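Here is a short briefing to read alongside the structure. Take a moment with the view below, and then we can walk through a few points together.

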Amino acid sequence: MSGPISHHNPEEGEEKAEPAPASADEKAQMEQAYAQMRRKLRMTRLAEDIGYKVMVLSGKGGVGKSTVATGLALSLARQGKKVGILDIDITGPNIPKMLGIEDTELHVEDNQIHPADGPNGLKVMSMAFLLEDPDKPVIWRGPIKLGAIQQFIGDVAWGKLDALIIDFPPGTSDEPLTVAQYLPNIDGMVIVTTPQDVALLDSRKSINFSKTVKIPILGVVENMSGYTLRGKADSNSEVTVIGPQGLPLQATADDNGDWSVTLNLFKQGGGEAAAIEFEVPFLGALPFDPGVVRGGDDGVHRIVADPEGETALAFNVIVENLMDELAKGEDEAPEII
Ligand SMILES: Nc1ncnc2c1ncn2[C@@H]1O[C@H](COP(=O)(O)OP(=O)(O)OP(=O)(O)O)[C@@H](O)[C@H]1O
Ligand SMILES: [Mg+2]
């Protein structure tokens with residue numbers, strides 16, 4: 001008998017040793033291997049079922065990644081797209097709170113977790129849902145954390161989605177690297193920055209990270225770009241406002257007596273300058289909007305509370321530019337390492 005498969009034929013009378021029963025260790029290894037295979041299959045299915053996969057990153061903390069990630073997701077969802085948001089910040093997950101759905105109980109079926117329902121039909125998955133006390137930060141050692149992330153990505157039943165937005169903790173270390181390696185066909189990353197120099201310097205790291213994992217940068221968003229002060233005065237009169245550096249800023253009231261001045265709380269245009277320097281697209285700027293902070297605390301995102309407001313309109317521009325970039329990348333299959 002030839003060929004790669006040999007069949008045991010008792011009539012041939014040859015002695016075949018019975019395979020030794022698997023030890024507990026071997027069984028555990030087998031289980032692990034199967035689980036890994038199942039997860040890999042699911043990952044492949046995820047890649048097929050989800051249209052665009054976009055990572056939201058920043059070099060520095062607190063620049064507004066989670067605000068931008070939820071804003072992008074909500075804006076896209078408002079256009080009628082099926083959108084999911086995945087909160088990978090497993091040590092300090094805050095997306096559910098921002099969306100006012102932190103008390104949701106998740107539904108598990110066939111070993112898969114079904115994401116929570118957020119505003120505008122958004123599908124939301126966050127480690128916060130799985131924590132007993134969301135106020136207690138999870139302290140996990142590196143390998144355990146990364147294992148949890150892999151499992152976390154592979155075990156969510158998203159169904160068909162037009163887009164999945166993935167929010168990360170600050171920096172470009174383990175978490176984004178793990179997701180970049182395990183989730184196939186990520187379309188690109190959005191870098192969030194504030195106009196300050198330090199944040200800019202840090203966003204350079206994100207740009208280098210993109211080169212390392214060979215996932216394209218879809219563009220830079222400059223957050224907390226400027227604050228617009230508004231007021232009433234006599235029609236067509238001159239108004240003077242003392243700006244952040246103590247310098248006077250002039251405005252003229254219109255026929256209705258409305259005036260506005262945009263204060264650049266930080267240096268303005270830094271995000272755009274970084275985009276030009278690194279030859280990546282500039283997706284747009286978001287104003288500093290105190291309503292964003294309130295929304296974050298109340299669980300009603302600014303876009304939901306005021307869909308025609310300045311922030312929502314700025315998000316519309318960013319989303320439009322983002323969709324253009326995604327459409328450009330459609331033909332080129334991203335390289336996965
Ligand atoms: N455009 C904005 N105007 C005013 N406040 C903002 C704006 N963007 C974000 N914030 C506020 O800044 C704080 C940090 O925002 P956010 O949590 O989105 O940042 P992050 O980059 O995700 O932070 P972390 O690095 O901790 O994950 C929040 O209180 C948020 O409400
Ligand atoms: Mg965050």
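Which residues make a nonpolar surface patch of about 330 Å²? The answer is M30, Y34 and M37. Please keep in mind that this is a predicted model.

**The surface patch**
- M30, Y34 and M37 together form the nonpolar patch, which covers about 330 Å² of surface.
- One of these residues, M37, belongs to helix 1, which spans residues 24-49.

**Where ligand 1 sits**
- Ligand 1 takes up the space of the largest pocket.
- There are 18 residues around ligand 1, and those that come nearest are G62, K65, S66, T67 and D289.

- The side chain of T67 has an N or O atom 2.5 Å from an oxygen atom of ligand 1.
- G62 contributes through its backbone, with an N or O atom 2.9 Å from an oxygen atom of the ligand.
- On its own, ligand 1 has 630 Å² of accessible area, and the protein covers 80% of that.

**Helices in the shell**
- Two helices each supply at least two residues of the shell around ligand 1: helix 2 (65-78) and helix 8 (290-298).
- Helix 2 gives the most to this shell, with three residues.

Definitions and conventions:
Residues numbered from 1 in each chain as written. Chains lettered and ligands numbered in written order. Predicted model: local features only at pLDDT ≥ 70, side-chain atom pairs only at ≥ 80, totals over all residues. Heavy atoms only, no water. Patch = residues over 30% accessible without salt bridge, like charges linked within 9 Å, V, L, I, M, F, W, Y side chains within 5 Å. Areas by Shrake-Rupley, 256 points an atom, 1.4 Å probe, with all protein chains shown as cover. Salt bridge = Lys/Arg side-chain N within 4 Å of Asp/Glu carboxyl O. Helix = DSSP H or I, 4+ residues; strand = E, 2+ residues; numbered from the N terminus. Near = heavy atom within 4 Å. Polar contact = N/O pair within 3.5 Å; in protein donor to acceptor, adjacent residues only side chain to side chain. 1 Å grid on protein atoms, 1.4 Å probe; cavity = no way out; pocket = protein on both sides within 12 Å on 5 of 7 lines; lining within 4 Å. Sits in = over half its atoms within 2 Å of the grid points.
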